[in-house]
Amino acid sequence: MRYSLFSLARQALRGHRGWQPVWRDAAPQASYDVIIVGGGGHGLATAYYLAKEHGIRKVAVVEKGWIGSGNAGRNTTIIRSNYLLPGNEPFYEWSMKLWEGLEQDLNYNAMVSQRGVLNLYHSDAQRDAFARRGNAMRLAGADAELLDAGAVRSMLPFLDFDNARFPIKGGLLQRRGGTARHDAVVWGYARGASDLGVDIIQNCEVTGFVRDGDRVTGVTTTRGTIGAGKVGLAVAGSSSRVAQYAGLRLPIESHVLQAFVSEAIKPLIPGVVTFGAGHFYISQSDKGGLVFGGDIDGYNSYAQRGNLPTVEDVCEGGMALMPVIGRVRMLRSWGGLVDMSMDGSPIIDRTPLQGLYLNAGWCYGGFKATPGSGWCFAHLLARDEPHPTARAYRLDRFATGHLIDEKGQGAQPNLH
Ligand SMILES: Cc1cc2nc3c(=O)[nH]c(=O)nc-3n(C[C@H](O)[C@H](O)[C@H](O)COP(=O)(O)OP(=O)(O)OC[C@H]3O[C@@H](n4cnc5c(N)ncnc54)[C@H](O)[C@@H]3O)c2cc1C
């Protein structure tokens, strides 16, 4: 069913009784060419591009809960490609380009809104680092503008520019960055994949792998065993746990990241703003709620909820940046399980087991990567070679020393 102005008018005349379910809720078949474990954005995007770009349609996405019940449905929806390092920037810029055509491609409104992402700087040294980042972005074909304090003031006059500890001196702006509606991204990819013949199997937890020596030939699940030519893992925060079923120990730790939303207020914040002297990022949803977040909680956990000290820390960051929000009431907060890698960058690669492929290590920044990750993982699964923009995301880089450490923090996942 294609969505258009005409189909909307036709349904309106029929009292909206003719809409069809957006995707097929499938039961598992005996075997597939490819099984993707994890029905988040990345898993569904991979299945969609496998079917659309590579003609591989005997594909199943196996999800233990409902699709989008993981981080895909819990994030703060920021999309951007403002990375510094050559291993990252071309990949995230490719993902950004896919975002720009996504709604036309999927015929689905994912509410992609290029309202701009502004990273504030508070010192001369930070300005120089941002200038370097902006130049790297432009060299990779992305857009970047370095603003001084006056330019930022004209965009966001309510910020605390003269804060004694963290004066705002300017910002690095990516106008093409912004937000997208996270649930709609999941539903759009599910619809696109399902239309191309992909089976989306919900409430089906993968509990182990079927092996023939060093080759993975299927998965065991709570709904029986399913055979597969290839198996791709896209389980984000559960990566270490699921890889363990295959005897693999990943360079990944799972941490909790919280997000927050306030009561709805009149339009205040036009784009995404990030604080450069602490970890705080904020945007305003179309419903009016302020959507914000900060650091991970800082301890290993598989619980999808966080702790109060982080709530306080995030709100302190917000107050230092924009005291104007001080009397806005917080409506909800929630936690997600993020897959923190040792260098803060992802992995899209084969594993030491034949037929088993890995997509993981997205830390708290994988939502923006959803289209690019799906595209590159599908490429790897279909052709058995990495996509040119994802060549650096190798699993063995932690052994060989080819790290992609944007922050320069070293092997300390909680700091990335
Ligand atoms: C609070 C928060 C805020 C964030 N904000 C941003 C942001 O603003 N911008 C950004 O770019 N990124 C952000 N992220 C990160 C981003 O959401 C993730 O990196 C990204 O969603 C991960 O990929 P995914 O969508 O495929 O993961 P998920 O949606 O987590 O998908 C993994 C799926 O695997 C399933 N699964 C797990 N184990 C099994 C099993 N054994 N069998 C079957 N299925 C299984 C899970 O149920 C889950 O649905 C944020 C994350 C959090 C938690």
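**Helix 9 and the cores of this model**

Let me start with helix 9, which is mostly covered, since 12 of its 14 residues are buried, where buried means under 20% relative accessible area with a 1.4 Å probe and protein chains only. Helices here are DSSP runs of H or I with at least four residues, and strands are runs of E with at least two, numbered from the N terminus. Please keep in mind that this is a predicted model, in which local features need pLDDT of at least 70 and side-chain atom pairs count only at pLDDT 80 or more, while totals for chains, interfaces and linings use all residues. Residues are numbered from 1 along each chain as its sequence is written, and side-chain values use heavy atoms, with hydrogens and water left out.

Among the buried residues of helix 9 are Trp375, Phe377 and His379, and the helix is followed by aspartate 384, which has a positive phi, near 60°.

Now to the cores, each a set of buried Ala, Val, Leu, Ile, Met, Phe, Trp, Tyr and Cys residues joined through side-chain atoms within 4.5 Å. The largest nonpolar core has 50 residues, and Tyr49, Phe91, Tyr189 and Ile348 have the most contacts inside it. Elements that each supply at least two residues of this core include strand 1 (31-37), helix 6 (182-195) and helix 9 (370-383). Phenylalanine 91, leaving aside neighbours within four places in sequence, is in contact (heavy atoms within 4.5 Å) with residues including Ile348, Trp362 and Cys376. A second, separate core of 29 residues includes Cys204, Phe209, Val219 and Leu353.
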